[in-house]
Structure formats: structure tokens, C-alpha cells
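Dear colleague,

Please find below the structure I am handing over to you. My notes on what was found in it follow directly after.

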Amino acid sequence: MAISLDISLKAKVLKPFLAEEDPLIAVLIADARSKGLVEGNLSFSHWNTFLTVDGLNSHMWLYAYETTLKNINGTTKTKHVTDHEYFRFVYKKKIEFYRSNLDFYNLAPLLKKMKKENLAKNKLVDDFEVDLSFDIDEIDFADDDIFADEY
């Protein structure tokens, strides 16, 4: 939430989480720090012990992979990913499993399009219910591509 709202957090508030072996917490804190949202110093030394091939095969794989991909774990280590039998392929293609830069609040265009599609489909259903028949001419395919699946 702090990342989405661009709110700074004090390092002392986050320090108790540094001992947790929860990959999502680790990725979120590393991401917040990389965005300058952490006031003070944090040591990722515990989490960075998972920057190994074994770490990628463990419950901390998300931290080991994602923070290496985004270079947000405070190290320059990449060998554990580039030499891994599976992760080297997704790393080469820069595939992300976590993104914090998505604009989830800009749903207006999608919602507007969905409303338009629903109205058009409801009109077809209503027309069908009137005479229990369906005529292909009742569909206006030129109406801004409302029947296109572009999500």
C-alpha cells in the first residue's frame, strides 16, 4: 500500500520484518527501498543468503529471482539465476512475477468499454425476448468494435 500511495516508511518500523522468511514481504520492502520510500538503513543480509541456486529452489524463490531481475537486493549477484536450469530462461526474457509500477487506478477506459459492450448485448437479448427471433442485421458491428476482445 505504501508503494502504491508513495508513502515513506521509517527503517525502524520495517526492521522486525527483516527476519521473516516471507518472499512477498522481502520483495515489497526491497521495492520500497529501491523507490526511496524507506527512511534509514536496512540490511538484507538474511534475505540475500537466498541468492543462490538453492534459494531459487526454495520458498524464497520470488525474492531470489525478482530482486535480481530488478537489481533491488543491494548486490550485483546474478549467477544464481543465469546458471539455474529453469530460471535462466525466464531471466533472459526479463519475465516479471511482481510489478509495482502498474496503474490499477486507471480502470476508467476498460470499465467504459465493458459498460458499452454490456449495453449492446443487453439490447440484443431484449430484442430477442420481444419476438423470440434473432436477426443478424440487428447487430451493428461497426459500433466502435464493441464486440472485440481487446482486454
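Tyr-65 has a relative accessibility of 0% and therefore counts as buried; the term buried means under 20% relative accessible area, exposed means over 50%, and partly exposed lies in between, with a 1.4 Å probe and protein chains only. The model is a predicted one, in which local features need pLDDT of at least 70 and side-chain atom pairs count only at pLDDT 80 or more, while totals for chains, interfaces and linings use all residues. Residues are numbered from 1 along each chain as its sequence is written, and side-chain values use heavy atoms, with hydrogens and water left out.

Aromatic pairs

The whole structure holds seven aromatic pairs. Rings of Phe, Tyr and Trp (for Trp, the six-membered ring) pair if their centres lie within 6.5 Å; planes under 30 degrees apart count as stacked, over 60 as edge-to-face and the rest as tilted. Tyr-65 and Phe-87 make a tilted pair, with 5.4 Å from centre to centre and 35 degrees between the planes. This pair links distant parts of the chain, since Tyr-65 belongs to helix H6 (residues 61–69) and Phe-87 to helix H8 (residues 87–92), 22 residues apart. Helices (H or I, at least four residues) and strands (E, at least two) are DSSP runs, numbered from the N terminus. Phe-87 is buried, as is Tyr-65.

Tyr-65 also pairs with Tyr-91: the ring centres are 6.4 Å apart and the planes stand at 80 degrees, so this pair is edge-to-face. Here too distant parts of the chain are linked, with Tyr-65 in helix H6 and Tyr-91 in helix H8, 26 residues apart. Tyr-91 counts as buried because its relative accessibility is 12%. Ring pairs join Trp-61, Tyr-65, Phe-87, Tyr-91 and Phe-97 into a cluster.

Charges over rings

The ring of Tyr-91 has the charged end of Lys-94 over it, 4.5 Å from the ring centre. A charge sits over a ring if NZ of Lys or CZ of Arg is within 6 Å of the ring centre and within 35 degrees of the ring normal. The charged end of Arg-33 is likewise placed over the ring of Phe-44, 3.9 Å from its centre. Lys-94 has its place in the loop between H8 and helix H9 (108–131). Although Lys-94 is not a glycine, it has a positive phi of about 60 degrees.

How many of the nine residues of H6 are buried? Eight of them are, so H6 is largely enclosed by the rest of the structure. The buried residues of H6 are Leu-62, Tyr-63, Ala-64, Tyr-65, Glu-66, Thr-67, Thr-68 and Leu-69. Their cover includes helix H3 (23–34), helix H4 (45–48), helix H5 (53–56), helix H7 (79–82) and H8.

Just after H6, Asn-71 takes a positive phi of about 55 degrees, although Asn-71 is not a glycine. Asn-71 is located in the loop between H6 and H7 and counts as exposed because its relative accessibility is 54%.

Gly-55, in helix H5, has 2% relative accessibility and so counts as buried. Neighbours within four places in sequence aside, Gly-55 is in contact (heavy atoms within 4.5 Å) with Phe-50, Met-60, Trp-61 and Ala-64. Gly-55 and Val-81 are 26 residues apart in sequence, and their C-alpha atoms are 9.8 Å apart in space.

The protein as a whole

The protein has nine helices and two strands, and its elements run α-β-α-α-β-α-α-α-α-α-α from the N terminus on. Of its 151 residues, 29% count as buried. Among contacts between residues at least 6 apart in sequence, 64% join residues at least 24 apart. The protein exposes about 10400 Å², of which carbon and sulfur atoms supply 56%; accessible areas come from the Shrake-Rupley method with a 1.4 Å probe, and for residues only the protein chains shown count as cover.

Ile-7 lies in the loop between helix H1 (2–5) and strand S1 (9–10). At 41% relative accessibility, Ile-7 counts as partly exposed.

Yours sincerely
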